[in-house]
Amino acid sequence: MTSTQNVRIPTDGAADGAVAATSRWRSFSRTLGVVWSNGKARVGIVILGLFVLVAIFAPLLAPYDPKDTSFDRNLDATGAHWLGTTAAGEDVLSQLIFGARISILVGLAAGVLSTLIAVAIGLSWGYLKGFASEVVGFIVNLFLVIPGLPLMIVIAAYLQNGGILMIIAVIVVTGWAWGARVLRSQTQSLRGRDFVTAAQFSGERAPRIVFREILPNMTSLIVGSLFGAATAAILAEAGLEFLGLGDSSIVSWGTMLYWAQNSNALLTGQWALLFAPGLCIALLALSLTLINFGVDAVSNPRLRDGKATK
Amino acid sequence: MTSTNPKRDRADGDVLLDVRDLSVIYESAGAAPVQAVDDVSFTLKRGEFVGLVGESGSGKSTLGFALTRLQKPPARTNGGNIFFDGSDIRELDTETLRTQRQGGFAMVLQSGMNALNPVRTIRNHFMDIFRAHGHVAKADREARAAELVRKVELDPSVLARYPGELSGGMRQRVSIALALSLEPQLMVFDEPTTALDVLVQHAVMDTIQSLQASENFTAILISHDLGIVLEATQRVLVMHEGRIVEDGASRDILERPQDDYTRMLLSHYADPRAEVVELPGFPARRSGAEPGTTRPRAEAGDAAVVTRSVRSADSAIVVDGVSKVYPPPRRGEKPVRALDDVSFTLEPGQSLALVGASGSGKSTLAKLITGIEKPTQGDVRFGDVDVTRLRAKGLRDLRSNVQMVFQDPYSALNPLHTVEYTLSRPIRNMTDLRGDDARARLHDLLTTVGLTPTETFAQKLPHQLSGGQRQRVVIARALASDPQVLIADEPVSMLDVSLRAGVLALLEDLREKWGVSLLYITHDLLSARLVTDDIMVLHDGKVVERGVTSEVLRNPQDEYTVRLLDAVPNPRRLREDVA
């Protein structure tokens with residue numbers, strides 16, 4: 001057996017030998033290539049990339065401190081203040097640039113957390129049969145039928161002034177159910193496949209079958225669900241802030257809208273105060289949705305070659 | 001033959017389809033282009049019935065799709081011409097293409113039975129076509145639809161029904177009738193019977209043959225099964241790796257095959273009823289009547305003890321008076337009785353064939369034995385263990401002794417795991433081997449199933465393996481826990497003919513060397529004859545016949561067994577009929 005000594009065989013349950021790791025990396029980069037080759041997704045990636053760069057380098061890019069109230073109030077766009085100043089005398093452009101941080105942070109954190117919950121619940125719900133499945137189904141349906149925004153408002157009002165963490169928590173609690181439902185139906189179709197039965201015959205236990213056999217086969221669906229959840233989180237965060245349910249002292253696009261509304265920006269002719277953060281929210285949500293077109297092409301190859309040849 | 005049919009005589013020499021140097025290429029983004037059809041030329045005379053045979057990946061379906069202009073990207077015709085009735089169909093624009101489907105060419109697909117719209121009645125389907133082409137006067141449409149349905153041997157009452165209310169065979173007949181409704185000059189049948197049950201397959205093929213004779217359309221029958229094609233058609237084109245390697249009259253191909261590939265395909269057919277059955281890679285199997293040819297049971301048992309000294313005693317599987325009733329599929333219907341009072345014993349080292357058409361309950365029986373489902377009545381025992389009462393832990397123990405080989409090697413392996421991972425899991429879960437021992441075991445398994453060099457194969461992902469290699473991995477996984485019983489559910493039905501013999505020989509070999517007992521579930525009596533000693537024929541959940549395989553197949557007593565035997569495609573039977 002000397003010839004086989006140099007071959008690594010997993011004995012601890014981890015399957016990634018050196019060769020498997022490289023092939024996994026190769027398939028990952030191929031997947032990225034598929035997403036990039038989709039025109040819509042490319043636009044989305046570029047927009048998202050710009051926002052991320054702006055958020056990271058906000059202190060370098062912003063001309064002033066966003067909370068500096070020392071400027072003249074309600075200024076129109078000038079050379080010193082490209083988008084004017086607020087009713088409190090802050091620079092709008094600086095606020096806009098720093099606001100990107102909050103939106104991206106909340107979108108990422110709330111999106112990832114609610115997707116994690118959706119994966120855990122959706123997959124076990126799809127794999128289970130009988131009474132347990134009914135119980136999970138009841139809970140998920142409960143969250144689905146309660147209207148999201150009112151529930152968010154109630155929870156947010158109850159946890160007064162919890163700041164950004166509270167907002168993330170509220171979005172996660174109200175946002176996981178839809179993803180769980182989508183992932184469950186895919187799990188149900190995969191659990192009928194022979195390789196799942198074969199894993200049972202190999203002596204695997206249920207959690208391992210769910211997370212090692214089934215889960216890797218739905219990666220693109222989970223990524224799609226992540227982008228969807230992040231989009232919803234960004235919109236929900238802006239909505240809650242706009243309604244004044246968050247911490248109105250932090251600088252985010254939502255609070256900018258809140259203050260602009262409070263100071264009747266439209267009546268004073270300062271449309272940029274409402275328009276700029278609104279456009280940014282829309283663009284960020286749009287970029288994630290566009291990326292999802294590319295992710296769809298990963299899970300459904302027919303969407304890739306459709307237009308290439310006649 | 002031509003002189004018997006005046007219609008065909010007149011048409012003789014009249015070329016309907018002329019394919020010249022046709023090439024079709026698949027160009028997917030991010031993958032090397034594949035030349036699926038490579039420089040193919042042939043002509044078809046009016047009224048001819050031609051078979052197009054090849055194994056999977058030979059380009060036969062691609063060619064069929066190119067001929068009817070139904071191909072979709074990434075496939076692209078990159079050379080040659082297709083002249084249909086004098087005009088090049090590659091030049092047609094989409095509207096001319098649509099209108100010429102009436103009186104032009106039509107295609108019947110393998111999944112044609114799933115091509116019917118579930119929310120529209122069969123009558124609606126016919127009316128849609130008549131309306132789109134307007135070739136039947138409004139008043140005559142109803143009568144015409146009834147006539148067409150009768151042509152495919154269905155009762156006109158099916159017109160009022162929905163696709164979901166018809167069986168697979170009936171739906172495939174409807175889709176043939178729909179294709180006929182446009183009075184095509186050329187019909188392309190792409191594996192029209194592959195998705196159907198064996199017995200139904202036979203009946204549908206008969207219908208196609210008699211229709212072709214009575215309607216006198218030109219037809220191409222695409223199939224992977226040389227047996228079926230030789231029985232049905234007058235001329236056969238054999239396709240291999242995108243090229244046509246042989247083109248000749250059916251009789252000539254059968255008696256004087258010119259190409260090695262054709263010879264190889266032909267060599268895999270045999271009559272399960274014959275005295276001696278021989279396939280490439282298999283020792284000749286004689287009938288049990290001759291002394292010393294059936295394997296003595298005791299010998300197999302001995303071998304088991306020698307190679308598997310680890311285990312103390314082998315246990316038999318005892319199925320005792322088992323019935324299984326499923327709840328009715330729809331309200332108001334009767335419950336489905338899948339199994340009815342079935343009893344048998346699978347002794348250690350024995351190989352038993354479980355034979356029947358789909359719906360006969362053979363797969364249900366496999367589920368009961370492996371504890372996936374519980375019987376409604378009766379007992380399933382493995383040694384002292386009552387399989388019907390096992391919970392999760394007990395089932396895991398049972399499965400280290402009773403393992404399963406799946407029908408479809410393409411779905412039985414997780415596409416994301418390497419062979420090494422797939423095989424290492426049962427070794428870890430069901431044996432005490434760890435580290436170097438487990439590694440050695442893994443390579444032993446791969447050697448046993450003939451996947452050498454083992455280092456290379458261990459690192460492969462399923463999509464890098466052929467169907468036959470995948471099925472070998474599935475078998476290796478089943479062997480990993482050193483089971484006493486192997487349940488093989490149609491293990492070769494999804495494989496190409498040329499790969500079947502290899503997998504069957506492997507199963508046979510394992511039984512001899514490892515002393516595994518084998519429950520071989522199949523509808524294919526030829527393979528049952530090759531790998532099993534005993535046979536049990538199931539029909540509608542009841543055992544209708546049982547005994548020594550060779551004797552049952554040579555002198556079948558039950559009418560159902562005879563029908564199954566007749567459904568085995570066998571080109572040589574044709575030769576005997578003629579002689």
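In these exercises, contact means heavy atoms within 4.5 Å. Helices (H or I, at least four residues) and strands (E, at least two) are DSSP runs, numbered from the N terminus. The model is predicted: local features need pLDDT of at least 70, side-chain atom pairs count only at pLDDT 80 or more, and totals for chains, interfaces and linings use all residues. Residues are numbered from 1 along each chain as its sequence is written, chains are lettered from A and ligands numbered from 1 in the order in which they are written, and side-chain values use heavy atoms, with hydrogens and water left out.

**Exercise 1.** Determine which residues of α8(A) meet which residues of α11(A), and describe how the axes cross.

*Solution.* 
Step 1. From α8(A) come A:G179, A:V182, A:L183 and A:Q186; from α11(A) come A:L221, A:I222 and A:S225.
Step 2. By class, this contact of α8(A) with α11(A) has four nonpolar, three polar and no charged residues. Ala, Val, Leu, Ile, Met, Phe, Trp, Tyr, Cys and Pro count as nonpolar, Asp, Glu, Lys and Arg as charged, and the others, Gly among them, as polar.
Step 3. The axes of α8 (residues 177-191) and α11 (residues 219-242) of chain A come within 10 Å and cross at roughly 170 degrees. Axes are lines fitted to C-alpha atoms, for helices over the stretch in contact, with angles from 0 to 180 degrees between N-to-C directions.
Step 4. The two helices are therefore roughly antiparallel, a term for angles over 145 degrees.

**Exercise 2.** Identify the strands that pair with β9(B), and state whether β9(B) is enclosed or open.

*Solution.* 
Step 1. Two strands pair if DSSP finds at least two bridges between them. Strand β3 (residues 49-53) of chain B pairs with β9(B) in the parallel sense over four bridges; B:L52 stands opposite B:L237 of β9(B).
Step 2. Strand β10 (residues 243-249) of chain B runs antiparallel to β9(B), joined by six bridges. B:V238 has B:E246 in β10(B) as its bridge partner.
Step 3. β9(B) and β10(B) form a hairpin with two residues between them, and B:E241 in the turn has a positive phi of about 50 degrees.
Step 4. Five of the six residues of β9(B) (residues 235-240) are buried, so the strand is largely enclosed by the rest of the structure. Buried means under 20% relative accessible area (1.4 Å probe, protein chains only).

**Exercise 3.** State what share of the residues of chain B count as buried.

*Solution.* Of 579 residues in chain B, 54% count as buried.

How values were computed:
Angles under 35 degrees count as roughly parallel, over 145 as roughly antiparallel, 65 to 115 as roughly perpendicular and the rest as oblique. Buried means under 20% relative accessible area, exposed over 50%, partly exposed in between (1.4 Å probe, protein chains only).
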